[in-house]
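Dear colleague,

Please find the structure below, handed over for your use.

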Amino acid sequence: PLSVIVDQRDRLIVADNRNHRVVILDQTGSWLFIINGNVNSIQDFRCPYGLALDPQGNIHVAACGSNTIKVFTSEGTYVRSYGNVKSPTGMAIDEGYSLVNEFLGNCLSIFDPQGKKVHTVGNLNGPRGVILDSKSGSLYVANFGDNTVLKYL
């Protein structure tokens with residue numbers, strides 16, 4: 001697994017990168033269901049990496065091998081895709097806006113709640129993780145290529 005988040009129902013949502021799926025577990029670790037990356041459908045995703053939840057509880061999956069973000073309901077039903085990104089890795093959501101690290105694009109892209117790219121922060125070097133500190137309003141980016149963590153206010 002490459003990332004894990006906890007939803008509003010205390011379920012663990014795990015990006016199982018090598019098996020091209022997202023696994024939903026209860027707090028005891030028992031499997032509830034799987035979201036598969038079906039190669040022959042619109043919900044196709046390869047190599048899920050980053051995960052985030054939007055205000056409605058939908059699961060956003062940064063599909064590193066598919067260069068898109070896939071959105072599923074909390075029960076695993078495909079909703080939509082957005083972004084044409086270069087190897088998305090870490091992601092976070094703030095007030096519906098998606099913050100997506102583009103590992104091969106060396107940038108952080110910001111998408112509005114409808115999935116339209118509205119801003120890009122460039123000059124990164126292989127960004128991987130991203131987190132927003134809701135208390136301070138600061139954004140932190142793990143900049144893998146420079147072995148640094150960058151802080152944006």
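**Salt bridges and the residues in them**

Glu75 counts as partly exposed, because its relative accessibility is 46%; buried here means under 20% relative accessible area, exposed over 50%, and partly exposed in between, with a 1.4 Å probe and protein chains only. The model is a predicted one, in which local features need pLDDT of at least 70 and side-chain atom pairs count only at pLDDT 80 or more, whereas totals for chains, interfaces and linings use all residues. Residues are numbered from 1 along each chain as its sequence is written, and side-chain values use heavy atoms, with hydrogens and water left out.

Side chains of opposite charge can pair when their charged atoms come close. The structure holds five salt bridges, a salt bridge being a side-chain nitrogen of Lys or Arg within 4 Å of a carboxyl oxygen of Asp or Glu. In one of them the side chains of Glu75 and Arg9 meet, with an N to O distance of 2.4 Å. Glu75 lies in the loop between β7 (68-72) and β8 (78-82) and Arg9 in the loop between β1 and β2, so this pair ties together parts that are 66 residues apart in sequence. Strands (E, at least two residues) and helices (H or I, at least four) are DSSP runs, numbered from the N terminus. Arg9 is partly exposed, with a relative accessible area of 48%.

Glu75 also forms a salt bridge with Arg11, and there the closest N and O atoms are 3.8 Å apart. This pair links the loop between β1 and β2, where Arg11 lies, to the loop between β7 and β8, where Glu75 lies, across 64 residues. Arg11 counts as buried, because its relative accessibility is 8%.

Glu102 and Lys117 meet through their side chains in a further salt bridge (3.4 Å, N to O). Here strand β10 (residues 97-102), which holds Glu102, is linked to strand β12 (residues 117-121), which holds Lys117; the two residues are 15 residues apart. Glu102 is buried at 3% relative accessibility, whereas Lys117 is partly exposed at 37%. Salt bridges that share partners join Asp7, Arg9, Arg11 and Glu75 into one network.

Leaving aside neighbours within four places in sequence, Glu102 is in contact with Val85, Lys86, Ser87, Cys107, Ser109, Lys117 and Pro127; contact means heavy atoms within 4.5 Å.

**Nonpolar cores**

A nonpolar core is a set of buried Ala, Val, Leu, Ile, Met, Phe, Trp, Tyr and Cys residues joined through side-chain atoms within 4.5 Å. The largest one has twelve residues: Ile5, Ile13, Ala15, Val22, Ile24, Ile35, Phe45, Leu51, Ile59, Val61, Ala63 and Phe72. At least two residues of this core come from each of β2 (12-16), β3 (21-25) and β6 (59-63), and β6 gives the most, with three residues. Another core, of ten residues, lies apart from it and has Ala62, Tyr82, Met91 and Val100 among its members.

**The largest pocket**

About 320 Å³ of space lies in the largest pocket. Of the 17 residues that line this pocket, the closest to its centre are Leu51, Met91, Ala92, Val130 and Ile131. On a 1 Å grid over the protein atoms alone, a pocket is an open set of points with protein on both sides within 12 Å along at least five of seven lines, and lining residues have an atom within 4 Å of a point. Grid points are joined across faces, edges and corners, and the volume is the space filled by probe spheres set on the points.

β1 (3-6), β5 (48-53), β9 (88-94) and β13 (127-132) each supply at least two residues of the lining, and the largest share, five residues, comes from β13. The lining divides into eleven nonpolar, five polar and one charged residue. In this count Ala, Val, Leu, Ile, Met, Phe, Trp, Tyr, Cys and Pro are nonpolar, Asp, Glu, Lys and Arg are charged, and the others, Gly among them, are polar.

**Backbone angles**

Most residues other than glycine have a negative phi. Cys47, although not a glycine, has a positive phi of about 55°, and is found in the loop between β4 and β5. Asn106 also has a positive phi, near 55°, and is found in the loop between β10 and β11 (107-111).

Yours sincerely

Key. On a 1 Å grid over the protein atoms alone, a cavity is a set of points where a 1.4 Å probe fits but cannot get out, and a pocket is an open set with protein on both sides within 12 Å along at least five of seven lines; lining residues have an atom within 4 Å of a point.
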